[in-house]
Amino acid sequence: MTEVRLDEVGPWGAICADGWSLLEANVVCRALGLGYASSALQTDFFTPTNTTLKILLSGTQCYGNETHLQDCIHHEIHLADVHCSTAQKNHIAGVICEKKMADLVLDTVEIQQTAHLEDRPLYFLQCAMEENCLASEAYEIQKTDPNWHLTTRRLLKFTAKVRNDGTADFRSHIPKVC
């Protein structure tokens with residue numbers, strides 16, 4: 001795991017963390033050749049005391065497929081006296097990159113083509129009820145209505161296809177290492 005402090009990436013300064021997410025962090029890790037972002041930090045930990053950091057980017061919004069952070073939507077800041085708000089905590093962007101990581105990409109076309117609404121009686125949703133997968137209203141109906149099994153719920157159903165564009169296998173459950 002490599003930790004990248006964005007206030008040290010270049011001689012130009014820091015990046016304000018307003019709107020900072022994994023999308024922006026992934027662009028930074030990829031641009032630096034460090035793989036994928038495992039965390040997008042919003043911190044004041046790296047801010048030197050009694051100084052202000054010069055800011056190059058603020059309001060950064062990425063789609064995640066950009067080559068460089070400058071390719072993302074952002075506020076242009078060219079003035080030397082513009083700084084991140086010192087009154088606001090956790091305002092400097094940070095990134096933790098991983099060389100190998102699964103990168104799951106959802107097939108949105110498949111979802112759009114298969115999505116449909118379906119009304120199902122609660123009787124057919126007993127397994128979902130046992131696993132607490134229904135809205136709390138369904139459990140209230142089960143307690144109060146003797147014909148609860150005939151009451152219907154509207155479900156949004158779809159098929160999801162996902163591919164892994166990453167550099168590591170995806171395992172949905174990885175045991176914790178002690």
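Author: Questions and answers on a few local features follow.
This is a predicted model, where local features need pLDDT of at least 70, side-chain atom pairs count only at pLDDT 80 or more, and totals for chains, interfaces and linings use all residues. Residues are numbered from 1 along each chain as its sequence is written, and side-chain values use heavy atoms, with hydrogens and water left out.

Reader: E66 has no salt bridge, so which side chain of opposite charge is nearest?
Author: E66 sits in the loop between β4 (55-61) and β5 (73-76); strands are DSSP E runs of at least two residues, numbered from the N terminus. E66 is buried, meaning under 20% relative accessible area with a 1.4 Å probe and protein chains only. A salt bridge needs a side-chain nitrogen of Lys or Arg within 4 Å of a carboxyl oxygen of Asp or Glu. The nearest side chain of opposite charge is 5.3 Å away, and belongs to R30.

Reader: Which residues is E66 in contact with, leaving aside neighbours within four places in sequence?
Author: Contact means heavy atoms within 4.5 Å. Separately, a polar atom of the E66 side chain lies 2.9 Å from the backbone nitrogen of G64. With neighbours within four places left aside, the contacts of E66 are V27, R30, D71 and C72.

Reader: Is N132 buried or exposed?
Author: N132 lies in the loop between α3 (126-130) and α4 (136-144). Its phi is positive, about 55 degrees, although N132 is not a glycine. Exposed means over 50% relative accessible area. At 61% relative accessibility, N132 is exposed.

How values were computed
Helix = DSSP H or I, 4+ residues; strand = E, 2+ residues; numbered from the N terminus. Lys, Arg positive; Asp, Glu negative; His and termini not counted. Polar contact = N/O pair within 3.5 Å; in protein donor to acceptor, adjacent residues only side chain to side chain.
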